[in-house]
Amino acid sequence: AAGQSTNNQTGAADCSVCTAGSITAKEGMAVCTLCEAGYSTENTAGATSCTLCSPGSHAPNNGSASCEGCAGGSFSDKNGTVTCTLCSKGSFSIANATMCNLCAPGTFSVNDGSAECTLCEAGYSTEGVRGEDKCVACPAGQFAAEPGTGSCSKCAAGTSTDNEAGAHYCTDCPAGKIAAEEGAANCTACNAGSYSVSKKLCAVCKAGTFSSKAASPNCTDCDAGTSSKDNSTICSACKPGSYAPQTASATCSLCDPGSYTDKYKSTSCQSCLKGSYQDKAGAKTCIECPNNRTY
(Lines give C-alpha, C1' and ligand atoms only; values in the text may rest on other atoms or scores of the structure.)
Protein backbone atom coordinates (compact mmCIF):
# COMPACT_ATOMS: atom_id res chain seq x y z
CA ALA A 1 0.00 0.00 0.00
CA ALA A 2 1.04 3.62 -0.31
CA GLY A 3 3.20 4.55 2.66
CA GLN A 4 4.71 1.07 2.76
CA SER A 5 7.53 -0.82 1.01
CA THR A 6 9.31 -4.15 0.98
CA ASN A 7 12.56 -2.51 2.06
CA ASN A 8 13.98 -3.46 -1.32
CA GLN A 9 13.69 -7.20 -0.51
CA THR A 10 12.38 -9.96 -2.82
CA GLY A 11 10.05 -12.64 -1.52
CA ALA A 12 8.79 -10.40 1.28
CA ALA A 13 5.93 -11.84 3.29
CA ASP A 14 4.63 -8.39 4.23
CA CYS A 15 5.18 -4.66 3.56
CA SER A 16 6.86 -2.41 6.08
CA VAL A 17 5.54 1.00 7.09
CA CYS A 18 7.77 3.87 5.96
CA THR A 19 9.44 5.52 8.92
CA ALA A 20 8.79 9.18 9.73
CA GLY A 21 10.74 11.34 7.29
CA SER A 22 10.20 8.99 4.35
CA ILE A 23 7.23 8.14 2.08
CA THR A 24 5.89 6.04 -0.77
CA ALA A 25 3.39 7.93 -2.84
CA LYS A 26 1.82 4.83 -4.46
CA GLU A 27 1.45 1.12 -4.04
CA GLY A 28 4.09 -1.40 -5.08
CA MET A 29 7.15 0.58 -4.09
CA ALA A 30 10.27 -1.38 -3.16
CA VAL A 31 11.78 1.38 -1.00
CA CYS A 32 10.61 4.44 0.85
CA THR A 33 11.83 7.83 -0.40
CA LEU A 34 13.33 10.35 2.00
CA CYS A 35 11.64 13.73 2.24
CA GLU A 36 13.79 16.50 0.79
CA ALA A 37 15.32 19.18 3.00
CA GLY A 38 12.65 21.75 3.78
CA TYR A 39 10.00 19.02 4.10
CA SER A 40 8.94 16.51 6.76
CA THR A 41 6.21 13.99 7.49
CA GLU A 42 5.31 15.85 10.72
CA ASN A 43 6.47 12.89 12.83
CA THR A 44 4.09 10.58 11.00
CA ALA A 45 5.12 7.05 9.91
CA GLY A 46 3.56 5.56 6.79
CA ALA A 47 3.07 8.94 5.16
CA THR A 48 2.24 9.16 1.48
CA SER A 49 3.51 12.71 1.01
CA CYS A 50 5.97 15.14 2.53
CA THR A 51 4.77 18.47 3.95
CA LEU A 52 6.53 21.80 3.49
CA CYS A 53 7.95 23.28 6.68
CA SER A 54 5.83 26.25 7.72
CA PRO A 55 7.27 29.78 8.21
CA GLY A 56 9.23 29.98 11.45
CA SER A 57 10.67 26.47 11.02
CA HIS A 58 13.10 24.59 8.77
CA ALA A 59 14.39 21.11 7.89
CA PRO A 60 18.09 21.27 7.06
CA ASN A 61 18.49 17.64 6.08
CA ASN A 62 16.83 15.09 3.85
CA GLY A 63 14.63 12.61 5.70
CA SER A 64 13.50 14.92 8.49
CA ALA A 65 10.72 13.44 10.59
CA SER A 66 9.67 16.93 11.69
CA CYS A 67 10.58 20.53 11.05
CA GLU A 68 12.64 22.36 13.64
CA GLY A 69 11.68 25.79 14.92
CA CYS A 70 14.09 28.57 13.99
CA ALA A 71 16.39 29.38 16.92
CA GLY A 72 16.30 32.80 18.54
CA GLY A 73 18.23 35.25 16.38
CA SER A 74 17.02 33.69 13.11
CA PHE A 75 13.80 33.44 11.09
CA SER A 76 12.07 31.97 8.08
CA ASP A 77 9.29 33.86 6.33
CA LYS A 78 8.20 31.22 3.80
CA ASN A 79 7.23 27.57 3.46
CA GLY A 80 9.84 24.92 2.79
CA THR A 81 12.81 26.63 4.41
CA VAL A 82 15.96 24.55 4.51
CA THR A 83 18.00 26.88 6.73
CA CYS A 84 16.73 29.77 8.83
CA THR A 85 18.22 33.21 8.07
CA LEU A 86 20.16 35.04 10.76
CA CYS A 87 18.81 38.39 11.89
CA SER A 88 21.13 41.19 10.86
CA LYS A 89 22.88 43.34 13.47
CA GLY A 90 20.55 45.96 14.88
CA SER A 91 17.70 43.44 15.04
CA PHE A 92 16.68 40.32 16.97
CA SER A 93 14.14 37.50 17.07
CA ILE A 94 12.72 34.99 19.50
CA ALA A 95 12.48 31.27 18.65
CA ASN A 96 10.13 30.18 15.84
CA ALA A 97 10.14 33.67 14.36
CA THR A 98 8.85 34.52 10.91
CA MET A 99 10.60 37.90 10.95
CA CYS A 100 13.20 39.89 12.88
CA ASN A 101 12.38 42.97 14.92
CA LEU A 102 14.47 46.10 15.01
CA CYS A 103 16.10 46.89 18.33
CA ALA A 104 14.11 49.58 20.16
CA PRO A 105 15.62 53.03 20.79
CA GLY A 106 18.10 52.75 23.67
CA THR A 107 19.07 49.17 22.75
CA PHE A 108 21.39 47.61 20.16
CA SER A 109 22.73 44.35 18.79
CA VAL A 110 26.28 44.34 17.50
CA ASN A 111 26.31 40.91 15.80
CA ASP A 112 24.18 39.04 13.29
CA GLY A 113 21.97 36.37 14.85
CA SER A 114 21.05 38.13 18.10
CA ALA A 115 18.22 36.66 20.15
CA GLU A 116 17.90 39.88 22.16
CA CYS A 117 19.09 43.48 22.14
CA THR A 118 21.45 44.98 24.73
CA LEU A 119 20.66 48.14 26.71
CA CYS A 120 22.82 51.18 26.06
CA GLU A 121 24.75 52.02 29.21
CA ALA A 122 24.04 55.23 31.12
CA GLY A 123 25.53 58.23 29.31
CA TYR A 124 24.82 56.69 25.90
CA SER A 125 21.80 56.44 23.58
CA THR A 126 20.79 55.56 20.03
CA GLU A 127 19.67 59.15 19.43
CA GLY A 128 16.04 58.05 19.24
CA VAL A 129 16.69 55.66 16.33
CA ARG A 130 15.60 52.02 16.10
CA GLY A 131 17.70 49.20 14.66
CA GLU A 132 21.13 50.38 15.78
CA ASP A 133 24.23 48.22 16.13
CA LYS A 134 25.93 50.58 18.61
CA CYS A 135 25.19 53.32 21.11
CA VAL A 136 26.56 56.85 20.90
CA ALA A 137 27.90 58.90 23.81
CA CYS A 138 25.68 61.81 24.80
CA PRO A 139 27.34 65.02 23.55
CA ALA A 140 28.62 67.56 26.06
CA GLY A 141 25.64 69.42 27.51
CA GLN A 142 23.38 66.36 27.42
CA PHE A 143 23.04 63.29 29.62
CA ALA A 144 21.40 59.87 29.98
CA ALA A 145 20.82 58.92 33.61
CA GLU A 146 19.60 55.34 33.09
CA PRO A 147 20.68 52.38 30.94
CA GLY A 148 18.49 51.89 27.88
CA THR A 149 17.83 55.59 27.27
CA GLY A 150 16.54 56.19 23.75
CA SER A 151 17.58 59.85 23.51
CA CYS A 152 19.87 62.02 25.64
CA SER A 153 18.35 64.94 27.57
CA LYS A 154 19.68 68.49 27.65
CA CYS A 155 21.14 69.78 30.89
CA ALA A 156 18.85 72.26 32.61
CA ALA A 157 19.84 75.93 32.68
CA GLY A 158 22.27 76.49 35.54
CA THR A 159 23.96 73.12 35.00
CA SER A 160 26.47 71.58 32.58
CA THR A 161 28.54 68.46 31.94
CA ASP A 162 31.87 70.33 32.26
CA ASN A 163 32.59 69.73 28.55
CA GLU A 164 32.42 65.94 29.07
CA ALA A 165 30.61 63.63 26.63
CA GLY A 166 28.88 60.46 27.85
CA ALA A 167 27.59 62.06 31.06
CA HIS A 168 25.20 60.29 33.44
CA TYR A 169 24.11 63.59 34.99
CA CYS A 170 24.68 67.35 34.89
CA THR A 171 26.37 69.33 37.67
CA ASP A 172 25.37 72.71 39.08
CA CYS A 173 27.41 75.69 37.97
CA PRO A 174 29.76 76.81 40.76
CA ALA A 175 29.46 80.28 42.27
CA GLY A 176 30.72 82.90 39.82
CA LYS A 177 29.74 80.88 36.75
CA ILE A 178 26.43 80.46 34.94
CA ALA A 179 24.62 78.49 32.24
CA ALA A 180 21.93 80.83 30.96
CA GLU A 181 20.24 78.27 28.69
CA GLU A 182 19.61 74.54 28.75
CA GLY A 183 22.06 72.20 27.04
CA ALA A 184 25.22 74.03 28.14
CA ALA A 185 28.42 72.05 27.64
CA ASN A 186 30.15 74.11 30.32
CA CYS A 187 29.41 76.98 32.68
CA THR A 188 30.57 80.45 31.69
CA ALA A 189 32.42 82.74 34.09
CA CYS A 190 30.85 86.08 34.93
CA ASN A 191 33.09 88.92 33.73
CA ALA A 192 35.20 91.00 36.09
CA GLY A 193 33.00 93.82 37.33
CA SER A 194 30.05 91.46 37.74
CA TYR A 195 29.00 88.48 39.85
CA SER A 196 26.63 85.52 39.73
CA VAL A 197 23.16 86.37 41.03
CA SER A 198 22.13 82.76 40.44
CA LYS A 199 23.42 79.75 38.50
CA LYS A 200 21.69 81.23 35.43
CA LEU A 201 22.42 84.98 35.60
CA CYS A 202 25.32 87.42 36.05
CA ALA A 203 24.73 90.99 37.24
CA VAL A 204 27.02 94.04 37.23
CA CYS A 205 28.47 95.20 40.53
CA LYS A 206 26.59 98.25 41.78
CA ALA A 207 28.28 101.60 42.33
CA GLY A 208 30.32 101.46 45.53
CA THR A 209 31.34 97.84 44.95
CA PHE A 210 33.67 95.97 42.58
CA SER A 211 34.94 92.56 41.45
CA SER A 212 38.49 92.40 40.17
CA LYS A 213 38.39 88.91 38.68
CA ALA A 214 36.16 86.89 36.41
CA ALA A 215 33.98 84.20 38.05
CA SER A 216 33.39 86.25 41.19
CA PRO A 217 30.61 84.89 43.40
CA ASN A 218 29.93 88.37 44.82
CA CYS A 219 31.06 91.99 44.74
CA THR A 220 33.27 93.63 47.38
CA ASP A 221 32.51 96.97 49.02
CA CYS A 222 34.93 99.78 48.25
CA ASP A 223 37.01 100.91 51.24
CA ALA A 224 36.37 104.26 52.85
CA GLY A 225 38.29 106.89 50.91
CA THR A 226 37.49 105.22 47.59
CA SER A 227 34.48 104.94 45.27
CA SER A 228 33.31 103.13 42.14
CA LYS A 229 30.75 103.32 39.37
CA ASP A 230 28.52 100.45 38.19
CA ASN A 231 30.37 97.46 36.66
CA SER A 232 33.72 98.38 38.21
CA THR A 233 36.73 96.10 38.46
CA ILE A 234 38.53 98.42 40.93
CA CYS A 235 37.72 101.21 43.34
CA SER A 236 39.27 104.62 42.67
CA ALA A 237 40.91 106.62 45.43
CA CYS A 238 39.27 109.94 46.22
CA LYS A 239 41.43 112.75 44.82
CA PRO A 240 42.72 115.64 46.92
CA GLY A 241 39.83 117.96 47.67
CA SER A 242 37.36 115.07 48.04
CA TYR A 243 36.64 112.29 50.50
CA ALA A 244 34.48 109.20 51.20
CA PRO A 245 33.77 108.72 54.90
CA GLN A 246 32.14 105.30 54.57
CA THR A 247 32.66 102.03 52.74
CA ALA A 248 30.68 101.25 49.57
CA SER A 249 30.62 104.88 48.40
CA ALA A 250 29.36 105.44 44.86
CA THR A 251 31.07 108.88 44.67
CA CYS A 252 33.57 110.95 46.58
CA SER A 253 32.19 114.13 48.17
CA LEU A 254 33.87 117.52 47.76
CA CYS A 255 35.28 119.16 50.87
CA ASP A 256 33.00 121.96 52.06
CA PRO A 257 34.17 125.57 51.92
CA GLY A 258 36.38 126.22 54.92
CA SER A 259 37.98 122.78 54.71
CA TYR A 260 40.44 120.90 52.53
CA THR A 261 42.38 117.70 52.00
CA ASP A 262 45.65 117.44 50.12
CA LYS A 263 45.77 113.64 50.17
CA TYR A 264 44.42 110.84 48.03
CA LYS A 265 42.02 108.35 49.59
CA SER A 266 40.81 110.73 52.29
CA THR A 267 38.00 109.75 54.59
CA SER A 268 37.48 113.30 55.89
CA CYS A 269 38.48 116.93 55.27
CA GLN A 270 40.44 119.19 57.62
CA SER A 271 39.24 122.65 58.70
CA CYS A 272 41.36 125.57 57.63
CA LEU A 273 43.61 126.78 60.44
CA LYS A 274 43.33 130.20 61.99
CA GLY A 275 44.74 132.79 59.67
CA SER A 276 43.65 130.90 56.56
CA TYR A 277 40.43 130.39 54.67
CA GLN A 278 38.82 128.59 51.70
CA ASP A 279 35.66 129.93 50.11
CA LYS A 280 35.28 127.17 47.54
CA ALA A 281 34.26 123.52 47.78
CA GLY A 282 36.71 120.78 46.81
CA ALA A 283 39.84 122.55 47.93
CA LYS A 284 43.24 120.93 48.21
CA THR A 285 44.66 123.73 50.38
CA CYS A 286 43.59 126.75 52.38
CA ILE A 287 44.52 130.33 51.51
CA GLU A 288 46.39 132.58 53.94
CA CYS A 289 44.44 135.64 55.04
CA PRO A 290 45.63 139.02 53.74
CA ASN A 291 47.31 141.38 56.18
CA ASN A 292 45.08 142.83 58.82
CA ARG A 293 42.38 140.22 58.19
CA THR A 294 41.53 137.01 59.99
CA TYR A 295 39.08 134.17 59.68
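Asp162 counts as partly exposed, because its relative accessibility is 47% and the class covers values between the buried range, under 20% relative accessible area, and the exposed range, over 50% (1.4 Å probe, protein chains only). The model is predicted, so to speak of local features a pLDDT of at least 70 is needed, side-chain atom pairs count only at pLDDT 80 or more, and totals for chains, interfaces and linings use all residues. Residues are numbered from 1 along each chain as its sequence is written, and side-chain values use heavy atoms, with hydrogens and water left out.

Most residues other than glycine have a negative phi. Asp162 sits in the loop between β19 (159-160) and β20 (171-172), where strands (E, at least two residues) are DSSP runs numbered from the N terminus. Asn231 also has a positive phi, of about 65°, although it is not a glycine. Its place is the loop between β27 (226-227) and β28 (236-237), and with a relative accessible area of 41% Asn231 is partly exposed.

Turning to the cysteines, a search of the whole structure finds 16 disulfides, each defined as a pair of cysteine sulfur atoms within 2.5 Å. One of them is formed by Cys35 and Cys50, with sulfur atoms 2.0 Å apart. This pair links distant parts of the chain, 15 residues apart: Cys35 is in the loop between β4 (33-34) and β5 (39-40), and Cys50 in the loop between β5 and β6 (51-52). The link of Cys35 and Cys50 is left-handed, with -90° about the S-S bond. Cys35 is buried at a relative accessible area of 0%, whereas Cys50, at 23%, is partly exposed.

Another disulfide joins Cys138 to Cys152, S to S 2.0 Å. Its torsion about the S-S bond is about -85°, so the disulfide is left-handed. Both Cys138 and Cys152 are buried.

Cys190 and Cys202 are likewise joined by a disulfide, S to S 2.0 Å. Here the partners lie twelve residues apart, Cys190 in the loop between β22 (188-189) and β23 (194-196) and Cys202 in strand β24 (residues 202-204). Cys190 is buried, with a relative accessible area of 1%, while Cys202 is partly exposed at 27%.

What keeps Cys289 from a bond with the closest cysteine sulfur? That sulfur, in Cys272, is 8.8 Å away, which is too far for a bond. Cys289 itself counts as buried, at 13% relative accessibility.

Key:
Helix = DSSP H or I, 4+ residues; strand = E, 2+ residues; numbered from the N terminus.
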